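I opened my notebook to look around a new structure, one question at a time. Come along and check each entry against the picture.

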Amino acid sequence: MLTISILIALAVNGLIMNPGYQWLINRLNLDFKPFNCVYCLAFWIGFIVAVLGFNPLSVAIPLAASFLAVAFNRWFDNQPVKFK
């Protein structure tokens, strides 16, 4: 369960930081929640995974995934970016 939440959080952060994803969102006029919000996108992807899992303990997946996605997003934003 924790591994799935971490993978969802990292995947959502990868999507949000990807310029190609942002271009696609703007091109398709989907510039609204949950597509441009790390918290919302992680929650809904975690919810879909939890529904497909059919496990009573998988209720925690969307909650943990959204929390971890925000934590990773804040951590990634604080990292220095250096191009040579």
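**Entry 1: a starting residue.** I began with Val70, which sits in helix α4. I kept in mind that this is a predicted model. Is Val70 buried, exposed or partly exposed? I found a relative accessible area of 23% for Val70. Buried means under 20% and exposed means over 50%, so Val70 is partly exposed.

Next I looked up what Val70 touches, leaving out residues up to four places away in sequence, and I found Val38 and Tyr39. I also checked Val70 against Asn29: the two are 41 residues apart in sequence, and their C-alpha atoms are 24 Å apart in space.

**Entry 2: the whole chain.** I stepped back to see the overall layout. The protein chain has four helices and zero strands, so I wrote its order from the N terminus as α-α-α-α. Along the principal axes, the C-alpha atoms fill a box of roughly 45 × 30 × 15 Å.

I noted that 26% of the 84 residues count as buried. The accessible surface comes to about 6,100 Å², and carbon and sulfur atoms account for 71% of that. For contacts between residues at least 6 apart in sequence, I found that 62% join residues at least 24 apart.

**Entry 3: the core.** Which residues have the most contacts inside the largest nonpolar core? They are Ile8, Val12 and Ile16, in a core of 13 residues. Helices α1 (2–17), α2 (19–27), α3 and α4 each give two or more residues to this core.

Setting aside its neighbours within four places in sequence, Val12 is in contact with Val38, Leu41, Ala42 and Ile45. Val38 was already in my notes, as one of the residues that Val70 touches.

Entry 4: I looked up Phe47 and found it in helix α3, residues 38–53. Phe47 counts as partly exposed because its relative accessibility is 38%.

**Entry 5: a serine in a loop.** Where is Ser58? I found Ser58 in the loop between α3 and α4 (60–77). Ser58 counts as buried because its relative accessibility is 7%. What does the side chain of Ser58 reach? I traced it to the backbone oxygen of Ala50, at 3.3 Å.

Definitions and conventions
Residues are numbered from 1 along each chain as its sequence is written. This is a predicted model: local features need pLDDT of at least 70, side-chain atom pairs count only at pLDDT 80 or more; totals for chains, interfaces and linings use all residues. Side-chain values use heavy atoms; hydrogens and water are left out. Buried means under 20% relative accessible area, exposed over 50%, partly exposed in between (1.4 Å probe, protein chains only). A polar contact is a pair of N or O atoms within 3.5 Å; within protein, one must be able to donate a hydrogen and the other to accept it, and residues adjacent in sequence count only if both atoms are side-chain atoms. A nonpolar core is a set of buried Ala, Val, Leu, Ile, Met, Phe, Trp, Tyr and Cys residues joined through side-chain atoms within 4.5 Å. Contact means heavy atoms within 4.5 Å. Accessible areas come from the Shrake-Rupley method with a 1.4 Å probe; for residues, only the protein chains shown count as cover.
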